[in-house]
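Please read them with the structure open.

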Amino acid sequence: MTSTNQNLTNRPRRLRRTPSLRRMVRENQLTVNDLIYPVFVMEGENQQEEIASMPEIYRYSLDLLLKEIADAANLGINAIALFPLISNDKKDNAGTESYNPDGLVQRTIKAIKQEVPEITVITDVALDPFSTYGHDGIVKDGKIINDETVEVLVKQAVSQAEAGADIVAPSDMMDGRVGVIRKGLDAAGYFDVGILAYSAKYASAYYGPFRDALESAPQFGDKKTYQMNPANSQEAIKEVALDIAEGADMVMVKPALAYLDIIRRIKEYTNLPVAAYNVSGEYAMVKAAAQQGWIDEKKVVLETLTSMKRAGADLILTYFAKQVALMLK
């Protein structure tokens, strides 16, 4: 049969014709090296609690967490991000438990570095898990105060470095904290401890399940005086520029899925590694739809994380990390 389109020179479908051709011209590749696995630790022994709004994600006591991290390392995952559930009796307005050398986070870091030394440990620097108010900073007269909070964040970061953290990740969005943390780490001799700055962290509705996991929802108001307005993109560049100038080694966009344009803009702006946080609400939506049989979970997860890579993310923090590592194997 003679084609009716003999003058059609460009046929992009030629390169989609077979699986091998599609693999050859693939522009972006998701690998296990892209994944950072966020994990939750709590006090106790032999304890594992599923987070209701995050199916198949658990809070672990330290003994079981070490097994979970060892499993992740065996799957080729290079890094975990550590988040603690702190008991209410150890919370106060100044977050003093955050820099307790014998605190849950510090003991957990030491144990991980002893039991699974090959994995990179990234620690959260913020006061909300340790605050009676659930805010990322010290509260005074109903406001979250900046500079006094930063002083505590430095103590927190240094105590985490002392325990063996490889990278500290300030997620608080206080002004100037990256520079002061860098100076504090260097003054304490921790020149090699890196900073992954939550540079473009938005005041997002996607964080709900995470706050369930840590029981850290704000007790009053919201976080809009320090986290960014979801309507803004130019401001993200400003925040990234400030964090780079202050000594950040990597920068992050959080959340990821509704902010792919921000990931792209930041990737084009900087030559630092760019991380994206595939947050709890994004995870929960996929899980909920999959449980209803409305979507193919595995295909949607891979497509979603690949979209973050395509946008420019070098690293992805995702609760799907173990699941994806198994799929990629």
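1. Lysine 309 is a residue of helix H10, which covers residues 297–311. In this predicted model, the relative accessible area of lysine 309 is 18%, and because the cut-off for burial is under 20%, lysine 309 is classed as buried. Once its neighbours within four places in sequence are set aside, lysine 309 is in contact with Asn28, Gln29, Leu30 and Asp34, and also with Asp314 and Ile316.

2. Proline 209 belongs to helix H6, residues 208–214, and this residue too is buried, here with a relative accessible area of 12%. Where does the chain come back to proline 209? The C-alpha atom of alanine 284, which is 75 residues away along the chain, is separated from that of proline 209 by 7.5 Å. Alanine 284 is also one of the contacts of proline 209 when neighbours within four places in sequence are left aside, and the others are Ile51, Ser53, Met54, Ser280 and Gly281.

3. Strand S4, residues 79–84, has 6 of its 6 residues buried and is therefore largely enclosed by the rest of the structure. Which residues of S4 lie on each side? Ala79, Ala81 and Phe83 are on one side, with Ile80, Leu82 and Pro84 on the other, and all of them are buried, so that both faces of the strand are covered. This arrangement may be read alongside the general rule that side chains in a regular strand alternate between the two faces of the sheet.

4. The pairing of S4 can be followed to two partner strands. With strand S1, residues 35–42, S4 pairs in the parallel sense over 6 bridges, and within that pairing tyrosine 37 stands opposite isoleucine 80 of S4. With strand S5, residues 120–125, S4 is joined by 4 bridges, and these two strands also run parallel; here leucine 82 has threonine 123 in S5 as its bridge partner.

5. Strand S3, residues 54–61, has 6 of its 8 residues buried, so S3 is likewise described as largely enclosed by the rest of the structure. S1 is joined to S3 by 3 bridges in a parallel arrangement, in which phenylalanine 40 stands opposite arginine 59 of S3. Strand S2, residues 48–51, is instead antiparallel to S3, with 4 bridges between them, and glutamate 50 has tyrosine 58 in S3 as its bridge partner.

6. Strand S9, residues 194–201, is mostly covered, with 8 of its 8 residues buried. Strand S8, residues 167–170, runs parallel to S9 and is joined to it by 2 bridges, and isoleucine 167 stands opposite glycine 194 in S9.

7. Turning to helix packing, the axes of helix H2, residues 62–74, and helix H3, residues 104–115, come within 10 Å and cross at roughly 40°, and the two helices are therefore oblique to each other. The crossing of H2 and H3 is right-handed. On the H2 side the contact is made by Leu62, Leu65, Leu66 and Ile69, and on the H3 side by Arg107, Thr108, Ala111, Ile112 and Glu115. Sorted by class, this contact of H2 with H3 comprises 6 nonpolar residues, 1 polar residue and 2 charged residues.

How values were computed: Residues are numbered from 1 along each chain as its sequence is written. This is a predicted model: local features need pLDDT of at least 70, side-chain atom pairs count only at pLDDT 80 or more; totals for chains, interfaces and linings use all residues. Side-chain values use heavy atoms; hydrogens and water are left out. Axes are lines fitted to C-alpha atoms, for helices over the stretch in contact, and angles run from 0 to 180 degrees between N-to-C directions. Angles under 35 degrees count as roughly parallel, over 145 as roughly antiparallel, 65 to 115 as roughly perpendicular and the rest as oblique. A crossing is left-handed if the near helix is turned anticlockwise from the far one by less than a right angle, and right-handed if clockwise. Contact means heavy atoms within 4.5 Å. Ala, Val, Leu, Ile, Met, Phe, Trp, Tyr, Cys and Pro count as nonpolar, Asp, Glu, Lys and Arg as charged, and the others, Gly among them, as polar. Buried means under 20% relative accessible area, exposed over 50%, partly exposed in between (1.4 Å probe, protein chains only). Two strands pair if DSSP finds at least two bridges between them.
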